[in-house]
Amino acid sequence: SIYEMFGNECCLSTGEVIKVIGFKINKLIASICENNEVSRFSAKVELPLNFPGLYKVVADKTPYFSIEEITRKVSIGPTRFGHPCFYSPEDIKLPNLTIKHGEQITFNSVEEVNGTMSVNCGVVRNNRSHSFTLPLSQEGKFYECEDDQIYTLKEIAEWKIPKCRNRIVKLSNTLHMWDSSNPLPENFDGCLVLTPIYEVQAVMKFRKDIVHILSDLDVEVKDITDCYDVNSFLQPLSLEDVFERTSNEFPMVAEIMEGPSGSPKPYNLLYTGKEIIIYKKYQATRVLASEIRSDSPKRHFLIPMSYKGKFKRRPREFLTAYDLEIARSEKEQLHVVATKAFESPYKELFSVSVGDQFLVQQCQTSEVLYEGRRELIDVLSCEQILPDTYKKVLLPVYMEGSFVEVIHDKKQYQLSEICKEFRLPFNVKVSVRDLSIEEDILAAVPGLQFEEEITDSYLLICSASSPAESWEIPVYRLSMSVHLLSKDVQAVVPPVTKTTVEEISEEQYYMMRRYENQTLHPPPRPPKNPT
């Protein structure tokens, strides 16, 4: 049987031995869903896994009847996507704990406990986490819990579609303008039933790449696992597999079996057959930054702390007085100008006109009179800048206005200095590009907003044939497979690390912002006319 996949012809000869290493969803067939049922008039459309948009998963109303069935059909793994949640309509009595009916159970991992295959689980009660195990033999009805997170189609395909089941999703955010090439109806914001189309991933005896075989290929096969030495095949490893290895197993030499497709520099050097040295695994800090522009789409970047360019400040914009309180610092006084008028409902508080300038002081409480009653409310103390003097004024923290920062600081800053001295978000532009980078993509951006510092997982690698420099590759954003070679690493100390500014897609940006740790929340805003 001869077939072609991704432009590569592959011949499956009679007697060819193939080792199946996995199953992967190749694409999705989508049907418009009404009341959790496929519409009779809905045409089926094919969606690639990189189809834009963010989606919410609708909980499956069909129960599972044992823990073993869940582990067989649902993806459970080490990433944040691999912790599905279920509930039981009946109490589950354990030796030291009773799981109440309807209580959300988080499935964290599968492992052997005292000789019994079990699932490590957890429940949260009164903000405290309780851990326990459930054996795979545990029977009963288990239903999926509602999931309030949002996902890309690729994430849903990898983690959120159980084997032998479809998945209903609701479009949450399109991310892109609709155009005639979009297979979904214009302004569509409903539910879709996703039916997965699988491919088989396999390795062959005399090939060093991974073979992709569509699941509907018409070929007869026979299972010979029990009478064949499966260790004679190459063992493909994903970057996640490599990262899960213990630290003392590094450095290691590997050959790329499947490189990332369509990747920018330096990831385009990671092609099939190339040998690389993987020196170590670690967590590294990045600054998540977005292009400042009024129209969309914006570009988004992950900037390493090793970036050697310099930045000048750009004015920040603030939508409420509470945002001014968050942004102020002890280092310098925050100077802003109002670009929107605000009429105060209290005579004790200041009404703002367009063009008013303020020096922000601090948040405090103040007594106001309303309908004959005295109330204490949160206010922001400021000094209004007048032609010849300063006037102390109080602004309600919930005030919906608009302020633009007035910059007096002309200094040029390194990235690490900004993160140390100022609160994010922070607006800048590149004043001196990083000369160590062949093409500094940040230098051409007119303005950047540093949004937050994030920590992510990386592998430090270099080319085995020309180890002049090393670079960091992201474990969870780069799709590639390698197999390890039994070769010694000559240089245990890695060469100088090349700085790489990573431009990420809009979907990847939303995924990172989705898990942002929001520790500061503005106070609730009362109605425009207090009651």
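Q: Which residues of the largest nonpolar core touch the most other members?

A: The model discussed here is predicted. In its largest nonpolar core, which has 22 residues, the members that touch the most others are L28, L47, Y55, L153, I156, L192 and L194. At least two core residues come from each of strand 3 (18-34), strand 5 (45-47), strand 6 (54-57), helix 2 (153-160), strand 16 (167-173) and strand 17 (191-204).

Q: What supplies the largest share of this core?

A: Helix 2 does, with four residues.

Q: Which residues does Y55 touch, not counting those up to four places away in sequence?

A: Y55 touches a run of residues comprising Q149, I150, Y151, T152, L153 and I156, together with V169, K170, L171, S172 and L192.

Q: How is the protein divided into domains?

A: There are domain 1 (1-59 + 146-234), domain 2 (65-144), domain 3 (237-283 + 457-498) and domain 4 (317-405).

Q: What area do domain 1 and domain 3 bury between them?

A: The size of an interface is often given as the accessible area lost when the parts come together. Here, domain 1 and domain 3 bury about 580 Å² between them, and 58% of that area is on carbon and sulfur atoms. On the domain 1 side, K208, I210 and L234 lose the most area to domain 3, together 69% of what that side buries. Six residues of domain 1 are in contact with six of domain 3.

Q: How many salt bridges and how many residue pairs in polar contact are counted between domain 1 and domain 3?

A: The salt bridge count is zero, while one residue pair is in polar contact, with both residues at pLDDT 80 or more.

Q: Why does T320 count as buried?

A: The cut-off for buried is under 20% relative accessible area. T320 counts as buried because its relative accessibility is 2%. T320 is found in strand 24 (residues 317-320), and its side chain reaches the backbone nitrogen of Y322 at 3.3 Å.

Q: Where do the prolines P251 and P425 lie?

A: P251 is in the loop between helix 3 (239-243) and strand 20 (252-258), and the peptide bond from F250 to P251 is cis, with omega near -5 degrees. P425 lies in the loop between helix 5 (415-421) and strand 30 (426-432); the bond from L424 to P425 is cis, with omega near 5 degrees.

Q: Are N126 and N127 buried or exposed?

A: The cut-off for exposed is over 50%. N126, at 75% relative accessibility, therefore counts as exposed, and N127 counts as exposed at 79%. N126 is found in the loop between strand 12 (116-125) and strand 13 (128-135), and N127 lies in the loop between strand 12 and strand 13. Phi is positive at N126, near 50 degrees, and at N127, near 65 degrees.

Note on methods: Residues numbered from 1 in each chain as written. Predicted model: local features only at pLDDT ≥ 70, side-chain atom pairs only at ≥ 80, totals over all residues. Heavy atoms only, no water. Core = buried A, V, L, I, M, F, W, Y, C linked by side-chain atoms within 4.5 Å. Buried < 20%, exposed > 50% of the residue type's maximum accessible area, 1.4 Å probe, protein only. Contact = heavy atoms within 4.5 Å. Domains from an automatic or database assignment. Buried area = accessible area lost by both parts, 1.4 Å probe. Salt bridge = Lys/Arg side-chain N within 4 Å of Asp/Glu carboxyl O. Polar contact = N/O pair within 3.5 Å; in protein donor to acceptor, adjacent residues only side chain to side chain.
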